[in-house]
Structure formats: structure tokens, C-alpha cells
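Here's a protein chain to get to know. Take a look at it first, and then we'll walk through its pocket and its overall build.

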Amino acid sequence: RMAPTRLVALRQRETQARRWATTASSNSETAASSYSEVSRETSRLMEEVERRVIGSGELAAWECRVADLEAESASEGFWESGDAARGKLSELTTARRAVERTQGWLAALADAESALEAWREATDESEKQFFAEEAAASVASVRRGLEEYEIERTMRGPYDRHDCRLEIHAGAGGL
């Protein structure tokens, strides 16, 4: 499970990204400071994606699973057992989404790096503001995706896909 302090830290970084976009071009000193903050956050997120998903081998495993399931679904007799086929197709969809999600994060981080470069080279304040907003939006998008991924990773147990019921019974000494 994700620790409450980790959730607070993630929310603070998201708030910081929103501030970068709005304060980036207020003056050149603030813009330089915001630029370096967004640049550091982009690098940190790239390292996090590399470490959590690519370096851990999860991306390669998902890509292999997609290839295996696609080959299996194309074989003769795949639909003879309808329930098993539906289960395999559901697994294929999940694996494809995981691959596409990771590729989307990498593309968003590449976009953020491009926006940072354009931000640095821009001479007009409106251009700087535009590129600051683009970079901050890409960073925030990846951050949200990684937060969701972290929650998803904690919910991979054998029973986590099942529904649950929670009952709270008030007793003596309530508020």
C-alpha cells in the first residue's frame, strides 16, 4: 500500500507543476528557476519510469505476453473453449494497455524535453509561457500516470480483482 506521506508528496509535486506553468514567465528570474525545476522533474520522472517499468523488466514481459497471446489467438481451435478464449483476450487487452501506457509516458517525457528546449530558446514571453505550460502539462500527465500505476501495482494480489464489502457498525463512545 502507498504510505500517506507518499501520497502527500505526490500531491505537492502536482501542485508545484501547476505553479510552474503560471509563474514561468512572470519575470526572467522566476522563469529560469521554473525552467530548472521542470527540467529536474522531467529527468526524475524519466529515471522513475526507467527504474520501475523498463529496468524491472515489466515492459519486456508485457511485450512478450502480448506477442504470445496474439499468436495463441490466431491459432486454430482458439475459440473452441469460449470462456478460455475470452479470458485470454481480456489478458491481451490488459497487456496491450500496459505497453501503450508506458510508451505514452515515454512520449510525454520526450514532449516535455522538447518543450523545455523550445522554452530555453524562446525570446518572446508568450512563447515562453506556452512552452512552460506544455512542459508542465506533460510532466503532470506522467506523474498522474505513475501514481495510478503505483496503486495498480499494489492491487495485484490474487483477490484484488474481486469485490469486497465493508461494514461499519457504530458502537458505544462514538462521536
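## The pocket and its helices

Helix H3 (58-74) and helix H4 (82-121) each give at least two residues to the lining of the largest pocket. This is a predicted model, where local features need pLDDT of at least 70, side-chain atom pairs count only at pLDDT 80 or more, and totals for chains, interfaces and linings use all residues. Residues are numbered from 1 along each chain as its sequence is written, and side-chain values use heavy atoms, leaving out hydrogens and water.

H4 provides the largest share of that lining, with 7 residues. The largest pocket holds about 450 Å³ of space. Its lining has 15 residues, and the closest to the pocket centre are Trp-62, Thr-94, Glu-152, Arg-156 and Arg-161. Here's how the lining splits by residue type:

| Type | Lining residues |
|---|---|
| Nonpolar | 5 residues |
| Polar | 3 residues |

Now for the whole chain. Of the 175 residues, 30% are buried, meaning under 20% relative accessible area with a 1.4 Å probe, protein chains only.

Among contacts (heavy atoms within 4.5 Å) with a separation of 6 or more, 71% link residues 24 or more positions apart. The accessible surface comes to about 11400 Å², and 51% of that belongs to carbon and sulfur atoms; the area is from the Shrake-Rupley method with a 1.4 Å probe.

Methods: On a 1 Å grid over the protein atoms alone, a cavity is a set of points where a 1.4 Å probe fits but cannot get out, and a pocket is an open set with protein on both sides within 12 Å along at least five of seven lines; lining residues have an atom within 4 Å of a point. Grid points are joined across faces, edges and corners, and a volume is the space filled by probe spheres set on the points. Helices (H or I, at least four residues) and strands (E, at least two) are DSSP runs, numbered from the N terminus. Ala, Val, Leu, Ile, Met, Phe, Trp, Tyr, Cys and Pro count as nonpolar, Asp, Glu, Lys and Arg as charged, and the others, Gly among them, as polar. Buried means under 20% relative accessible area, exposed over 50%, partly exposed in between (1.4 Å probe, protein chains only).
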